[in-house]
Amino acid sequence: MNEQLINVPMFNVQIDGVWHRFPRGTRVIEACAQAGTFVPRYCYHKKLSSPGNCRMCLIEMGMARLGPDRKPELGVDGMPVINWMPRPQISCAQDVTDGMGVRTNSPLVEECRRGVMEFLLINHPLDCPICDQAGECELQEFSVEYGSASSRFLENKVKKPKNVELGPRVTLDDERCILCSRCIRFCQEIAKDDVLGFVDRGSHTVLTAHPGKRLENNYSLNTVDICPVGALTSSDFRFKMRVWFLKETKSFCTSCATGCNTLIGTREDVIYRQTPRENDAVNSSWMCDYGRLNFGYIESERRLLEPRILSGEKLVPVDWPTAMAQAAAQLKHCQGLEVAIIASGRMTNEELWLTAQLAKTLGVGWIDIVPRFGPGDDILLSEDRNPNSNGTRLLGITAEPGAQLPAIVEAVKSGAVRALLVLGEDPTKLGLSLEQLKELPSLIMMDILSSVATENATVVLPSFAFAEKRGSMINGEGRLQRLNRAVRAPGQARDDWEILRDLIQACAGTNGIGSVEDVFRQMSETVPHLAGLSLSKIGDLGVHVMEVNESPAPPYTPASHDIEEEMEHQPPGRTSK
Amino acid sequence: MVSTSTHVPAELEQKMDEAIARYPHDRQRSAAMPLLHLWQEHFGLINDEGVNWIAAKLGLQPINILELVTFYPMFRQGRAGKTHIRVCRTLTCAMGGSYRAMENLCAATGIVRNHDTNGMHSPVSVSADGNFSIEFVECLASCGTAPVCMVNDDLHEHVSPEHAANILTEPKSGLVRPAHPLEHRLVFKNIGRKDWTTGIDCYLKDGGYEQLRKAVTMAKTDIVNEVKTSGLRGRGGAGFPCGVKWSFIKQDERKPVYLICNADESEPGTFKDRYIIHEDPHQLLEGVLISCYALNARTAYIYIRGEFPEGAKILEHAIEEARAHNFLGMNILGSGFDVNVHVHRGAGAYICGEETGLIESLEGKRAYPRIKPPYFPAVLGLYMSPTIVNNVETLCHVKHIIAMGGAKYAQLGRTNNTGTRIVCVSGDVQRPGYFEIELGAVTMGQLIYDMAGGLKEGQTLKAVIPGGSSAKVLRADERFKLKEKQPDGSTIDREMSLFEIPMDFDSLAAAGSMAGSGGVIVLDDSRDMVWVLNNINEFYAHESCGQCTPCREGSLWMKKITDRMLLGGGVVQDPKTLTTVADNIAGRTICAFGEACAWPTQSFVQKFPEEFASRATKPAPPPLPPEYTSQELLEQEQIPTLPLTRDPGWEKAGASGMI
């Protein structure tokens with residue numbers, strides 16, 4: 001930013017009578033925003049091109065008056081004299097110029113806005129109470145300031161198609177569409193999938209996709225986010241919850257190494273939706289549909305709700321102290337190469353650090369995580385589907401994820417490993433058969449969902465999903481980001497770091513950790529990259545902590561541990577198999 | 001290369017490849033409209049397969065093609081009859097009885113018209129036997145011979161509404177008109193001549209292409225300067241000085257420069273370019289070529305409206321003839337200058353007359369005008385390259401400027417209103433037609449009474465729309481205050497009647513209207529101004545591209561209000577609503593269409609308040625539920641009936657006085 005300030009010329013711009021300075025290249029509408037004046041808009045989106053079609057951002061504009069010497073004439077205040085244009089101008093498509101004048105609150109501007117509001121509403125259904133967009137609709141928002149309480153429109157409205165499935169995840173109500181073309185531009189410019197367009201003409205213009213090529217790209221739901229009205233809705237979310245009841249928690253997506261910043265919308269411990277949160281260092285304003293909808297498993301019927309231990313032939317529910325004592329006893333029974341830990345690239349830094357401490361305490365001989373790859377794209381989706389591979393590297397779990405894994409599996413198969421601690425992974429997917437797992441004297445599993453493996457474990461420790469806990473991860477670019485708790489976990493599930501801390505305590509006595517902040521503090525004291533940081537200091541937008549080697553990601557092989565399993569728990573919207 | 005179950009004959013595909021070759025190799029999308037025309041000519045409609053096939057052929061998405069098919073009304077997704085009839089619906093033809101002609105044509109062909117008005121495009125109705133189909137179309141640019149119809153590709157003029165069916169059997173008729181003594185024919189010198197043909201030999205015998213020969217020996221800047229000196233103002237509507245426009249193009253421009261000839265003549269009331277294209281194509285071509293040379297434009301496109309299929313063929317033939325004489329092609333006339341001219345057909349969208357809309361259309365997109373700034377054509381025009389868009393008549397004048405010299409040309413007409421221009425008179429006059437006049441040398445009165453033969457028997461003048469239907473209407477009994485420039489440079493105010501207004505740019509602007517495209521529509525005292533405005537409003541509602549909010553919503557709203565007023569449902573607020581809606585459009589849209597559709601309403605309501613008031617007498621009804629008419633609600637019995645406190649007086653509120 002500072003560099004820019006030095007190199008870019010600064011322009012004087014008068015906004016509502018007050019002179020400000022802006023760097024060259026600033027859009028007028030953005031300059032107004034920086035000066036504290038919000039100019040209403042529908043079609044303008046700062047991440048997309050400006051077609052200037054909604055006409056809501058009309059303002060009065062003037063340029064510096066040039067004297068005979070082609071230099072700006074200066075007024076008594078020493079500032080340029082402004083030549084005001086007679087006609088209102090849009091502020092979304094023009095950059096500031098030196099000596100420009102802008103009026104955003106003049107009677108003409110107000111009149112323009114009222115006029116455009118009226119035009120937008122005459123053919124728009126006024127059934128706001130049953131519209132899914134209500135509460136986050138920009139038509140509603142600007143109606144408060146520029147709308148009229150009554151309508152002069154005595155004619156029949158133009159009828160258009162309603163409830164159109166534009167694709168597997170997006171539903172369109174054409175009558176609500178104000179033809180701002182944000183979605184079309186998004187598909188062309190960001191998703192690089194030119195599938196949306198307008199058909200017919202004039203007031204009868206209709207947004208649609210060609211029947212033979214629907215809106216089914218992996219970024220389709222971003223069109224719903226940027227739709228300023230209730231035209232495009234998420235087939236998954238629509239009519240599930242009024243948005244004003246949603247509590248929004250800042251978090252990030254854990255479905256791949258990109259770590260798109262998100263808002264998790266919840267009510268009473270139920271997640272209703274995830275939406276992208278702007279972070280230009282990570283995901284701009286977007287996220288992929290795969291990550292966005294990948295939260296249904298949190299409410300799965302297969303959630304593990306209580307700790308269980310193997311008693312005789314059966315897993316029986318027990319209380320936490322019993323389970324921890326049992327786990328610790330089983331772990332302490334073995335030593336060195338007899339113990340293996342399979343951790344996960346989906347664990348937070350705090351959990352990974354505690355895992356490393358536990359491994360050290362027990363003198364564990366084997367430790368690794370399960371690498372996880374899928375097809376990526378050039379937009380946001382990373383081939384590395386583990387959100388915290390870099391955390392596992394930084395915290396010394398593994399130098400190269402998966403490098404030790406085959407050896408661990410062989411050691412389990414050969415019986416050399418007698419105690420296997422699995423954290424959030426499924427060992428049956430690593431080539432270990434159920435029989436081989438059953439042979440293990442102790443199989444301690446910390447997980448959120450039950451699986452064949454947990455059903456055959458010796459100790460089962462139910463833990464938290466990403467939306468239920470606080471913690472940090474390091475994305476593929478080396479950026480430290482923070483998860484915040486959006487919902488409470490079901491049953492007796494416990495936060496992963498607590499389980500790990502208790503295990504360490506049960507094995508080696510007290511360690512002085514009382515909160516996840518304590519974990520971070522201790523971790524930051526030992527890991528130089530994190531020095532001086534705390535969970536609060538990470539902030540909502542994260543901190544870059546790690547230089548990441550530009551080595552290409554390993555090629556995707558479908559045979560590797562695939563991610564299809566989670567997909568089963570996804571909402572019905574996703575059908576693109 | 002493209003798989004489809006419809007067999008695309010090799011011959012057709014070859015034509016398509018030729019069409020694609022007219023555009024830069026990385027701009028194949030431009031060929032979308034030519035390909036759609038070819039497909040429709042061959043298969044009779046553009047079905048889904050056509051959409052997919054063309055999209056694949058051009059490396060586009062099917063939605064890109066579907067967007068075009070639904071935007072341009074000439075593209076049909078359904079099959080038309082063997083004989084397809086287009087009846088012009090716009091003002092002058094409607095005044096001449098085209099609605100009755102439509103009824104009679106339907107009766108004669110056994111067509112039951114589908115009156116679905118909610119869809120934007122007037123639907124095509126087909127007779128049961130599939131032999132005939134009919135549709136209303138907007139202005140066919142032959143208002144001087146109204147009413148007109150097209151039967152397949154042939155224009156039929158002076159259609160008798162009562163005997164409209166005759167057009168199905170009679171050959172089309174031509175119009176021959178000698179020049180009126182008050183005329184000063186320059187561009188129209190050869191129009192209407194009995195001994196004149198469109199062939200190049202005829203043109204050459206008459207001294208054709210001499211100016212091109214002369215131009216290629218001149219320095220490019222000299223030509224631009226001659227045009228500047230001439231004071232030539234654009235004849236398309238805005239009247240922007242042509243030389244100034246040309247000087248926006250840098251002589252050392254590195255990007256390719258394009259010249260586009262705007263032959264999308266479609267402003268209701270205007271029918272001048274039609275005659276140049278159909279009767280004197282080489283004059284236009286010579287003007288285009290001189291302009292290309294002056295601007296260093298190696299490629300020119302003539303964007304001709306889709307409703308001129310014959311004109312397109314004539315121009316294409318003229319281009320081939322000119323190529324054979326080395327007037328265009330490589331190294332023209334040994335000058336070392338290469339230039340190519342291509343014809344690009346529109347498909348029925350008035351908005352393509354707007355220069356940036358035209359450019360978008362030429363790029364193979366919906367004709368959505370571009371925002372200016374930043375997309376000034378001279379900087380970021382066709383393919384984001386510097387582009388000059390000139391009207392047909394303007395380009396023809398260039399030839400005469402080279403012939404006469406800019407200074408001599410500038411002596412024609414008046415200061416700032418130089419040269420001649422073609423004025424088209426239509427409507428309620430004895431002899432409608434085109435007249436080429438020296439600007440300012442003829443008054444409105446002379447034009448209407450001397451040249452156009454005055455009003456019809458027993459009628460008096462009520463109003464004049466002086467510059468195409470978007471110009472503000474002038475009332476016959478209005479008094480105008482015009483500034484008149486004195487020889488010493490001072491100006492004095494002179495009050496004058498409508499008849500005294502000189503026909504030039506500045507005088508008509510001073511009278512509160514505009515010279516526009518030169519289409520003078522005369523309305524006599526038999527005309528109902530609400531009806532006239534409604535006809536104009538329907539045109540603009542139909543032609544609004546729908547891109548920006550005020551015009552998209554406002555144009556249809558105004559049409560619905562005047563519709564209702566005509567049906568007897570006018571409420572007292574209507575005139576005020578009309579005016580404020582128009583006020584909210586004008587000046588707030590992307591392109592000048594906003595003004596074009598607002599000015600008629602603003603001026604009609606302002607200047608004929610008594611007529612609008614007499615049709616707006618009912619108290620405003622209570623607002624209706626937005627989604628349903630009261631009729632629908634009554635039929636569905638979904639709401640309890642309540643007695644009204646007052647009679648809404650509006651037929652939609654139900655005869656029983658109950659809602």
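1. Overall form of chain B. In this predicted model, chain B has a radius of gyration of 25 Å, which agrees with the value near 26 Å that a compact globule of 659 residues would have. The radius of gyration is taken over C-alpha atoms, and the globule rule is 2.2 Å times the number of residues to the power 0.38. Along its principal axes, the C-alpha trace of chain B spans about 85 × 75 × 50 Å. Chain B has 25 helices and 18 strands; helices (H or I, at least four residues) and strands (E, at least two) are DSSP runs, numbered from the N terminus.

2. Conventions. Residues are numbered from 1 along each chain as its sequence is written, while chains are lettered from A and ligands numbered from 1 in the order in which they are written. As the model is predicted, local features need pLDDT of at least 70 and side-chain atom pairs count only at pLDDT 80 or more, whereas totals for chains, interfaces and linings use all residues.

3. Confidence in chain A. The pLDDT is the predictor's confidence in each residue, from 0 to 100. Chain A has a mean pLDDT of 92, and 94% of its residues reach 70 or more. Over residues 550-577 of chain A, however, the pLDDT is below 50, and this stretch has 38 contacts in the model beyond near neighbours in sequence. Two residues are in contact if their C-beta atoms, placed from the backbone, lie within 7 Å. Where pLDDT is low, the predicted coordinates should not be read in detail.

4. Burial and contacts in chain B. Buried residues make up 57% of the 659 residues in chain B. A residue is buried if 20 or more other C-beta atoms lie within 10 Å of its own, exposed if 12 or fewer, and partly exposed in between, with C-beta atoms placed from the backbone. Among contacts in chain B between residues at least 6 apart in sequence, 69% join residues at least 24 apart.

5. The nonpolar core. A nonpolar core is a set of buried Ala, Val, Leu, Ile, Met, Phe, Trp, Tyr and Cys residues joined through C-beta atoms within 7 Å. The largest such core has 359 residues, and those touching the most other members are Ile260(B), Cys261(B), Val288(B), Ala300(B), Ile302(B) and Leu447(B). Helix H12 (residues 281-295) of chain B supplies the largest share of this core, nine residues.

6. Ile260(B) in detail. Ile260(B) lies in strand S6 (residues 257-263) of chain B and counts as buried because it has 25 C-beta neighbours inside 10 Å. Leaving aside residues up to four places away in sequence, its contacts include Ala300(B), Tyr301(B) and Leu358(B). Ile260(B) and Ile388(B) are 128 residues apart in sequence, yet their C-alpha atoms are 6.1 Å apart in space.

7. Two helices of chain A. Six of the eight residues of helix H5 (residues 182-189) of chain A are buried. The elements covering them include strand S9 (196-199), helix H6 (221-226) and strand S11 (232-234) of chain A. In helix H11 (residues 405-414) of chain A, the buried residues are Leu405(A), Ile408(A), Val409(A) and Val412(A). Seen down the axis of H11(A), these fall within an arc of 100 degrees, so they line one face of the helix; the arc is that of the directions from the helix axis to the C-beta atoms. The face turned away from the buried side of H11(A) carries the exposed residues Pro406(A), Glu410(A) and Ser414(A).

8. The contact between the chains. Chain A and chain B each give 46 residues to the contact. On the side of chain A that touches chain B, H3(A) gives the most, with six residues. By class, this side has 21 nonpolar, 15 polar and ten charged residues. Here Ala, Val, Leu, Ile, Met, Phe, Trp, Tyr, Cys and Pro count as nonpolar, Asp, Glu, Lys and Arg as charged, and the others, Gly among them, as polar.

9. Backbone points to check. The peptide bond from Lys372(B) to Pro373(B) is cis, with omega near 0 degrees, and the bond from Pro373(B) to Pro374(B) is cis, with omega near 5 degrees. Pro373(B) lies in the loop between helix H14 (355-362) and helix H15 (377-380) of chain B. Asn331(B) has a positive phi of about 45 degrees although it is not a glycine; Asn331(B) is exposed, with 11 other C-beta atoms within 10 Å.
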